[in-house]
Amino acid sequence: MRESRVLKKLRAGEIVSCLKINLSDARVAEIAAISGFDCVWTDQEHIGQDWSILASNIWATKAHDTDILVRVPKGSYSDFIRPLELDATGIMVPHIMNLAEAELIVGMTRFHPTGRRPIDGGNSDGAYTALDFNEYLVQANQQRFVIFQIEDPEPLNELEEIAALDGYDMLFFGPGDFSQGIGAPGEWNHPELIAARKRVAEVAQRHGKFAGTVGGPGNANELIAMGYQFISMGADVVGIKNYCQDLVSAFTKSSAAGSKNSYMNT
């Protein structure tokens, strides 16, 4: 099984970069991988990506030794394990609300002795049965990561217990939904949001888990100082939107100047 680039760097105490991918074309994921991101984050919670699209994105990133993280929809165990069987390097489960839910997900996504994830081995992650059965179970537990997303105020009541649970790798703070959950949507400097962001990083570290969140060039240093080791630095759609707006702005200025200097005005 391919070694996880994300886990290798995190276990060595290094910081991991990630780019969120909203667009379905695998060439976008490949461009991100070629550019040097450690991880690409694709999404099945908010985006209607079918399994063939997801498989294409996985192949594109694997070709350049880049990890791919899939944020799964909250559903049956099949929703959690199918990305792993397609050989996604990790999954992120949104809106973890309590310890009982976290325990259930560990049981569904980890093999023995940690959990009872349903076993196939005949798909990409098991090298289509070419990987020894027991070695497959060991490597899947060691080289594939599971992330719990903390993006609501409710799980803060059991955050210590959730962080202490064995069988997953990272707590990921989601500020967007958290701001809505505290009744202050989009207020990124709200005291409750700032306190929660700091607490997630502190509790994760205290219990031997990695801490992840969304960020960008403007606050990456602050997040790293806070204890975050996995930072999603932006999104494909943001980059394309900004690029297009810059081009239109430049064109508008040039065309306005050109119209003033047009021979028709002389």
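Predicted model: local features only at pLDDT ≥ 70, side-chain atom pairs only at ≥ 80, totals over all residues.
Biologist: Which residues touch the most other members in the largest nonpolar core?
Modeller: Phe80, Ile96, Phe148, Ile162, Tyr168, Leu171 and Tyr228, out of 42 residues. A nonpolar core joins buried Ala, Val, Leu, Ile, Met, Phe, Trp, Tyr and Cys through side-chain atoms within 4.5 Å. Buried means under 20% relative accessible area, with a 1.4 Å probe and protein chains only.
Biologist: Which helix gives this core its largest share?
Modeller: Helix H9, residues 191–206, with six residues. Helices are DSSP runs of H or I, at least four residues; strands are E runs of at least two, both numbered from the N terminus.
Biologist: What does Phe148 touch?
Modeller: Among others, Val93, Ile105, Leu165 and Met170, leaving aside residues up to four places away in sequence. Contact is heavy atoms within 4.5 Å.
Biologist: What about a second core?
Modeller: A separate one has 15 residues, including Leu7 and Met92.
Biologist: New topic. How do the strands run?
Modeller: Eight strands, S1 through S8 in order, form a closed barrel with parallel pairing. Pairing takes at least two DSSP bridges.
Biologist: How many bridges join S7 and S8?
Modeller: Three, between residues 210–214 and 230–235. Gly212 has Phe230 as its bridge partner in S8.

Key. Residues numbered from 1 in each chain as written. Heavy atoms only, no water. Buried < 20%, exposed > 50% of the residue type's maximum accessible area, 1.4 Å probe, protein only.
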